[in-house]
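Me: Please show me the structure, and then let us examine the terms used to describe it.

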Amino acid sequence: MVAFGKKLKERQIQEWQGYYINYKLMKKRVKQYASQIEAGALDRRHVLKDFSRMLDIQIEKIVLFLLEQQGLFARRIAQLNEQQEALQEEPDISKISELREAYRAVGRDLLKLLFFVEMNGIGLRKILKKFDKRFGYKFTDYYVKTRANHPYSQLQQVFKHVGLGAVVGAISRNLADLQDRQGSYLSIYDEPALPLQDPVVDSLKAAVDRVTYSTNFLDFLGQHALIMHEELPSPVEEHVDDQRYHFMSLLLNLANTFLYMVNTYIIVPTADDYSMSLGAAATVCGIVIGAMAVAQIFSSVYFSAWSNKSYFRPLVFSSIVLFIGNAMYAMAYDLNSISILLLGRVFCGLGSARAVNRRYISDCVPLKIRMQASAGFVSASALGMACGPALAGLLQTNFKIFNITFNQDTLPGWVMTVAWLIYLVWLWISFREPAHETEVNHAPPTQSNAAENDKLEKGLVQPLLTSKEHEQGDDDQECDASEEAPEESRLAANSLGSAYRLLTPSVKVQLLIYFMLKYAMEILLSESSVITTYYFGWTTSTVSIFLACLGLTVLPINIVVGSYISNMYEDRQILLASEIVVLLGILFSFHFIVPYSVPQYVCSGLVMFVAAEVLEGVNLSLLSRVMSSRLSRGTYNGGLLSTEAGTLARVIADATITLAGYLGQSRLLNITLIPSLVICIASIVATCCTYNSLY
């Protein structure tokens, strides 16, 4: 990755060049401090005082320029307001159109100022992190607390710019007033929900959200997909995206995601009964459920590699393999073969094309809708998780056709067989293979001012994870003594080992957290049928309703966290609190001396599942922002690493259920909860130890 100092120089607005943070000078000064301290020429107190003074001067320069620009914007808007008042008396359609375009021009200039603020904000955060990393101080905490909480804070002007928000509000209101509302006299303040179809206002709102760290449900949910963006796009790249994008192909990828998750969880309520009908123990359901995850560990890698060359062929292969796997799963009953049953589930795991689905969104969906597509990917997964058990609960029948048995055990397999066959036909008819990236990269870059404004506007609309990702990537790759060559630092990881070496300690902790929550959730879900049958005598329908209700909490919980909680508290605070609640849910799930009751099981399971969902959302949202940008592309990307961590957790959890079953069903619950408890405690300790490095 190109060093931040070079990027800052390249992307500066030339007429404002003297008002940017002098990142190069401050980085040089940090190196001088280090050498002087080693020589004994400076003490720690002098370094902190001098560096604080330098930061204060840099921030004051930025803030005074911001105030000056705000005054210019206010004057321009006041002049336009006078023209608008004159038009109220003598309406003129052509002049109204000109006035509307003038407001848009102010909006485009404001986008430049927001880009200026963003670049300076990144520079401030980076130089503070570099100082802490070099000297081992907690200087950032001290500086931010003392400057941000002061009544005359200039630091707040950089990150909480009320003046710029007022300019955005003025532009929005006046454009809304100029818009034809078919005789309505309502303003945006009377009806905030009234849509304003103006791209400038949408871009401004997205830019303000980005530089003030605010988020919304779609952004928060979309980050769960770990689809990361490496660079601010150019107009050429956006044109390429538009050429490669095909709505029906995106819909087919989301449908593949949904069907695969249904396929994963549709057998959970009946896996124990199916195992017993074939002469195995009920706890063999752990292996039956986990066989799919075992195969997915390998399929994720080759599907990720395959998606470098094609999207259509791996999706076709996935559908065929899943069709065969589900047919084998269903036929195992009449063949009376546990081996065929397990082999069918292995085939289903070999058809996991989630890497292709994620890669299609990353490579072929235009940036302006990529976050919505990412949120669709996560929503499809959540809905599939809920629909799978619910569908199993509806398949309560028993009949034969041509000596082929259709009952609650085999029908999930037959239903998914038909579903994948229909999907394969739809895929063959409707999918459009996008042009390969190298084929569409020949268009010459334009140098027009309009193109530059387009680039700036689209760059500001992309998710906040880009800038934070740049920060982490730069800090991971930059050396204090010498900068890494840009060509080398931009290379994607070429193996799981090299990808793992790119992970910082804090990212490894977050992957551990992800492993923990997936392990705990898999234990809860996979053994639910065995546990509830043993303790409460639940039927398959009752288990299905319970699991479906758990799955249906996913989207509401993410709405609450993404829209409200994540804007009220820091991610690391929510992270630690969620881990503690998961721990409490695990502890409450244990069967102690008192009789085990339905309220205890349902409440503890709900607490554990909901807390794990909150934890997963915040953890992946944070992970998508701090993972090295070298993991945003290639076969061995960040999405693959997180998938492998979660899949490995599921495999180990399902194996634990089967192994614990040899000790008897009476001990199954407590035995399987002990590893969950240990891993959860370990993740909490690791989080506390790296608390200051998680952000």
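Me: What makes residues of the lining of the largest cavity nonpolar, polar or charged?

Reply: The lining divides into 14 nonpolar, ten polar and seven charged residues. Ala, Val, Leu, Ile, Met, Phe, Trp, Tyr, Cys and Pro count as nonpolar, Asp, Glu, Lys and Arg as charged, and the others, Gly among them, as polar. The model is predicted: local features need pLDDT of at least 70 and side-chain atom pairs 80 or more, while totals for chains, interfaces and linings use all residues. Residues are numbered from 1 along each chain as its sequence is written, and side-chain values use heavy atoms, without hydrogens and water.

Me: Which of the lining residues lie nearest the centre of the largest cavity?

Reply: Among the 31 lining residues, Met261, Arg354, Tyr514, Lys518 and Glu616 lie nearest the centre. About 580 Å³ of space lies in this cavity.

Me: Why is α11 called roughly antiparallel to α15?

Reply: The axes of α11 (residues 247–265) and α15 (residues 338–350) come within 11 Å and cross at roughly 155°. Angles over 145 degrees count as roughly antiparallel, so α11 is roughly antiparallel to α15.

Me: Which residues of α11 and α15 meet?

Reply: Tyr260, Asn263 and Thr264 in α11 meet Arg345, Cys348 and Gly349 in α15, where contact means heavy atoms within 4.5 Å. The residues of this contact divide into two nonpolar, three polar and one charged.

Me: Which helices, along with α11, each supply at least two residues of the lining of the largest cavity?

Reply: Those helices include α16 (354–364), α17 (367–394) and α28 (598–626).

Conventions
Axes are lines fitted to C-alpha atoms, for helices over the stretch in contact, and angles run from 0 to 180 degrees between N-to-C directions. Helices (H or I, at least four residues) and strands (E, at least two) are DSSP runs, numbered from the N terminus. Angles under 35 degrees count as roughly parallel, over 145 as roughly antiparallel, 65 to 115 as roughly perpendicular and the rest as oblique. On a 1 Å grid over the protein atoms alone, a cavity is a set of points where a 1.4 Å probe fits but cannot get out, and a pocket is an open set with protein on both sides within 12 Å along at least five of seven lines; lining residues have an atom within 4 Å of a point. Grid points are joined across faces, edges and corners, and a volume is the space filled by probe spheres set on the points.
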